[in-house]
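The entries follow in the order in which I looked things up.

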Amino acid sequence: MSAPGGIDVRLSGITKEYPGVVALGGVSLELRAGEVHAIVGENGAGKSTLIKVLAGAVPATSGSITVDGQEFTKLTPALAQSLGIAVIYQEFTLVPSLTAAENVFLGHFLKRGAVLDRKSMDRIAAEQFARLGVRIDPRVQVGELTTGYQQIVEIAKALSRNARLLIMDEPSAPLTAAEVEAMYGVVDALKAEGMTIVYISHRMDEIFRLADRVSVLRDGQYVTTRGITETTRRELINLMVGRELSDGYPQRESAPGDVSLRVSGLTGNGVQDIHFEARAGEILGFGGLIGAGRTELAELLFGAKPLESGEVTLRGQSVVARSPRAAIGHRIALAPEDRKRHGLVLEFSIQDNITLPHVAEFAKAGVVDRKAERALADKYMADLRIKAPSPNEIVGNLSGGNQQKVVLAKWLSTAPEVLIFDEPTRGIDVGARAEIYRIMNALADEGRTILMISSDMEELIGMSDRIIVLREGIQQGVLAKEEITQESVMALAAEGEIV
Amino acid sequence: MKSMLMGRMKDLGILLVLVVLVIAFSILSPNFLDPSNIFNITRQIATLGIVAVGFSFVLITGGIDLSVGYQISVNVVVTGMLMSQLGVPWYLAVILSLVLGVLIGTINGLIVTFTGVAPLIVTLSMMMILNGISYLVSKGLPVFGFPREFSFLGQGAVAGIPVSLLVLIVVWAIGLFVLNKTPLGRYFYAIGNNVEAARLSGVPTRATLITVYALCGLFTAIGAILLLSRLNSAQSATGAGFEFSVLTACVLGGISVMGGRGSLFGAFVGVLIVGVLDNGLVLLNVSEYVQLVIKGVILLTAVIYDATSKNSAGRRKQIGGVSIFRQGAKAAA
């Protein structure tokens, strides 16, 4: 299972053309054995295509890949695997109904004669998980695990195939701070063993924490490669976007008004006895580890899961919701964590997604007034700067940032007083992130109450007026603005756990 | 835009199949294009076409209703006995028949929505139950002897146009209206594409799903009445196998069994193909058993095409399975 030394890989003039689109235009890159090589770029910069070419999932139109001195013009998935190239994609390749150990060994089960050797598989898988700093029962069904743990299984699976070049596509995106730290440890250990690692990420802090060198792609073109010590965050961001962009979080003169939302004794869906108040114009952050109950709390407030007990009031009125529809009626909105599965109907147009919650209001004598719908969609596309040819564009074709803006447009059109954002910028590139933050601030300035769940510590600290920290479904404390530090959040979030 | 264009091309492709079939049958059988035969076909497809509207709705929500065939059986037997044995006036019997259809559909919808059991299994069970009920009610005997006025619905004509064709046209107009112009139609597509996103967007998923099965029952009852009127007799076997003809027509017409996609225009072409095929094969004296094999092969081909077309393959990966096998659970959650 140990990495048998990494591999040198050289990409020369890799070009990938799709009809009408040049996804990669002559990218040349050198990956050295035993280095952590970060690749950064906005969505659409060509990172995903580059990964697919390296993994043999798509053939390059031209160019070659040299692996340990052997030149290939075309890789197949099988060939790439035999060369020791493994990819941790953002979308996992796990079978939910199989156990963690079975997933790790999927395709090369250990056997004793003709019988599966479950004991050995369980033992080895458990060792792998321990090495990744996480305790996962090897016999648990993968479908029962949270996204974060599933990813650990995915990484263990790649390692069990003697990977020598591990390509990690935004591995930290679904992880909480503690898990990210554990994952950094794994990357360091693998690097020490000589593994070559390609690390794709949007997050500057982890690139500077992990990478030896960093290459920048922009619009399918190779821009440059820098040693990590020779560059700065600001320079990288400017190289990625091709223009000057302010780093960090937009400043906001926060002036919270009266208490709007009051939650008391909220219990159900894995959370217990949650109490808090949120003010109009406030961004109230929710911190905690994966499984801390933050998403579950949001589901309760939004009526997506049944409440066992507790009271929720908005400006004095009870707004306990028995369904999302009821919550929307109470002027509560939820931009969910998994926007592709829960936030949008991907096959629907921008327009149809925006009007979905209140399409009935567009009906005159039973007929939906498409002109009025169109006018509304046009308005939000302009207001939120949704980049698409028209409101008829299918949402599945948009970038993550634009998809999230469609989710926001949908909710803004319901005139919510309380907006719950669950991981508002996950998988969204730098430029669009800044816009999402700007929109969130503007909404708070309008006097709406914003609840924001985030596992991105910088984002949580940068955006929140106050932070409530949960752990194992129980509220650990509320941090006022001046008390918020990475340490104070983590101290509450991870008490008793190894960070 | 692109997908719309592709959808249109798919519609045109299936239209081409229809044209080829018509040409082939008119060459092979001199009687095929005879006006009386055309008249015949329109009456024969009336029931199929009407049931296909409700069935398409259900498919678009990601469900399926396999019980439509025996819904027809129960409906014709009950309605027939109301008229012939209980002396209920025909118009009242028609109304009761529609109520019965909505009732059966609503039961399907309630079970699918509140238990989370796959629509395929729920309606398959319902199919057996209804089959049994139809025999219990009729005691296995044919039912006949209806008022003369009643036969006008399925056999009569107004200004040379068969009444059943007129009913078909009205039902199709209603179907098109509901699907394309009303919030309900939008909900059907939203639920079929992503029931959880729809629910979290405030779509009343439970009410919509119950409604869709109720509507399917209503349309099936309308089709059953026309069939009863045309045949002038009813028995428990009347609707047997009908679900597969409807499924074939809808899937041929591009209504995806995975939900969320398809148009009534396509389904209508599918109905015409099945109708022409039924008629043409009989004209050519093809044996009933051979007909079964042909129809089975056509259904299989259409379903395979649906499942392997590029769009569907991507969708299946995305949503993690054929939705008719799992949709209810989420809607009920």
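**Helix H15 of chain A**

I began with the buried residues of H15(A), and they are A:Val430, A:Ala432, A:Arg433, A:Ala434, A:Ile436, A:Tyr437, A:Met440, A:Leu443 and A:Ala444. I note here that the model is a predicted one.

What covers these buried residues? I found that the cover includes three helices of chain A, H8 (233–241), H14 (400–412) and H16 (457–463). It also includes strands S15 (283–287), S21 (418–422) and S22 (449–453) of chain A.

I then checked the length of helix H15 (residues 430–445) of chain A. At 1.5 Å a residue its 16 residues should span 22 Å, and the end C-alpha atoms are 23 Å apart, which agrees. After H15(A) comes A:Gly447, and its phi is positive, near 95 degrees.

**Chain A as a whole**

I looked up the make-up of chain A next: 17 helices and 24 strands. The C-alpha trace of chain A spans about 70 × 50 × 45 Å along its principal axes.

For burial, I noted that 49% of the 499 residues in chain A are buried.

**The largest nonpolar core**

Which residues have the most contacts inside the largest nonpolar core? I listed A:Val153, A:Ile167, A:Ile420 and A:Ile450 from chain A, with B:Ala52, B:Val246 and B:Cys250 from chain B. This core has 247 residues. Helix H9 (residues 205–231) of chain B gives the most to the core, with 16 residues. Domain 1 (9–241) and domain 2 (259–493) of chain A both give residues to the core, so it lies between them.

I followed up B:Cys250. Leaving aside neighbours within four places in sequence, B:Cys250 is in contact with B:Ala52, B:Phe55, B:Ser56, B:Leu59, B:Ile255, B:Ala267 and B:Gly270.

**Where chain A touches chain B**

How many residues does each chain bring to the contact? I recorded 26 residues from chain A and 19 residues from chain B. On the side of chain A that touches chain B, helix H10 (324–329), helix H11 (339–343) and strand S20 (367–368) each supply at least two residues. I sorted the residues of that side of chain A by type and got 17 nonpolar, 4 polar and 5 charged.

Terms used
Residues numbered from 1 in each chain as written. Chains lettered and ligands numbered in written order. Predicted model: local features only at pLDDT ≥ 70, side-chain atom pairs only at ≥ 80, totals over all residues. Helix = DSSP H or I, 4+ residues; strand = E, 2+ residues; numbered from the N terminus. Buried ≥ 20, exposed ≤ 12 C-beta atoms within 10 Å, placed from the backbone. Core = buried A, V, L, I, M, F, W, Y, C linked by C-beta atoms within 7 Å. Domains from an automatic or database assignment. Contact = placed C-beta atoms within 7 Å. Nonpolar A, V, L, I, M, F, W, Y, C, P; charged D, E, K, R; others polar. Expected span 1.5 Å × (residues − 1).
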